[in-house]
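Here are my notes for someone opening this entry for the first time. Have the sequence and the 3D view side by side as you read.

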Amino acid sequence: MQCPYCQHTNSRVLESRSSEGGQSIRRRRECLCCKHRFTTYERIEFVPVTVIKHDGKKESFDHSKLLRGMVRACEKTGISHQRLEAIVDDIEAQLQQRPRREVTSQEIGQLVLEYLREENEVAYIRFASVYGRFQGIKDFMATLRQLQQKDVPNTENSWETTIQEFSEQETSSNVMTHS
Ligand SMILES: [Zn+2]
């Protein structure tokens, strides 16, 4: 990339980050010759990402659909809407850069879970349950225990509250099968 100050063609990248909602990458560069700094935008050639669903059906990756699911899972967990949008942008950018632009819905779920695990464990558990990762209450409780044992960041909700909320929400569904 040619330096706008001295036209030298070599620069080093100081910082790269996704911008314009994951549609481009903004790079902060420093000219190796005159040391001036400048910014470049690298646009990703847009190719739609195909999502392969559980039943084998295919659909295009839907940014707002994923965001809606995450907003629902993260209600009252203290994660801002802005942060969730940034996560969805990141995920979309990651998918766009894959050599094969096909992804299973399960893989997307896993990506989301990786992000949420870093952010907030209550949101993580909710999303995991929404995605049907838990086959039954036993798995759910085992995961709760696992997370409790870890040194997790503070959240407003205690574990008791979370379990309580889940009991209330899920009693009528088949997620909670009381034996
Ligand atoms: Zn220069």
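The points below go from the overall picture to the sheet, then to the helices.

1. **Ground rules.** What you're looking at is a predicted model, where local features need pLDDT of at least 70, side-chain atom pairs count only at pLDDT 80 or more, and totals for chains, interfaces and linings use all residues. Residue numbers start from 1 along each chain as its sequence is written.

2. **Confidence.** pLDDT is the predictor's confidence in each residue, from 0 to 100. The mean for the protein chain is 76, with 70% of its residues at 70 or more. Residues 151-179 fall below 50, though this stretch has 23 contacts in the model beyond near neighbours in sequence; a contact here means two C-beta atoms, placed from the backbone, within 7 Å. Where pLDDT is low, the predicted coordinates should not be read in detail.

3. **Overall layout.** The protein chain has six helices and six strands; these are DSSP runs, numbered from the N terminus, with helices being H or I of at least four residues and strands E of at least two. Along the sequence they come as β-β-β-β-β-α-α-β-α-α-α-α. Of the contacts with a separation of 6 or more, 47% link residues 24 or more positions apart. Out of 179 residues, 18% are buried. Buried means that 20 or more other C-beta atoms lie within 10 Å of the residue's own, exposed means 12 or fewer, and partly exposed is in between, with C-beta atoms placed from the backbone.

4. **The sheet.** Which strands come together in the open sheet? There are three, in the order S1-S2-S3, with antiparallel pairing; a pair needs at least two bridges found by DSSP. S1 (11-19) and S3 (37-43) are the edge strands, each pairing on one side only. On average, neighbouring strands are turned by 25 degrees against each other, direction ignored. That angle is taken between axes, which are lines fitted to C-alpha atoms (for helices, over the stretch in contact), with angles running from 0 to 180 degrees between N-to-C directions.

5. **S1 with S2.** Eight bridges pair these two strands in the antiparallel sense. One to look up is Glu-15, whose bridge partner in S2 is Arg-28. Four residues sit between the strands of this hairpin, and Glu-20 in the turn has a positive phi of about 50 degrees.

6. **S2 with S3.** S2 (residues 24-31) is joined to S3 by seven bridges, again antiparallel. None of the seven residues of S3 is buried, so the strand lies largely in the open.

7. **Helix H2.** H2 (residues 81-96) has 16 residues and reaches 22 Å from its first C-alpha to its last, close to the 22 Å expected at 1.5 Å a residue; the expected span is 1.5 Å times one less than the number of residues. Its buried residues are Leu-84, Ile-87, Val-88, Ile-91, Glu-92 and Leu-95. Seen down the axis, they fall within an arc of 135 degrees, so they line one face of H2; the arc is that of the directions from the helix axis to the C-beta atoms. They pack against helix H1 (63-73), strand S6 (102-104) and helix H3 (105-119).

8. **Helix H3.** This helix has 15 residues and reaches 21 Å, close to the expected 21 Å. Ile-108, Val-112, Tyr-115 and Leu-116 are buried, and these fall within an arc of 95 degrees seen down the axis, so they too line one face. Glu-114 and Glu-118 are exposed on the face of H3 turned away from that buried side.

9. Is Ile-108 buried or exposed? Ile-108, in helix H3, is buried, with 20 other C-beta atoms within 10 Å. Leaving out residues up to four places away in sequence, Ile-108 touches Val-51, Leu-66, Ile-91 and Val-103. Ile-108 and Leu-95 are 13 residues apart in sequence, and their C-alpha atoms are 9.0 Å apart.
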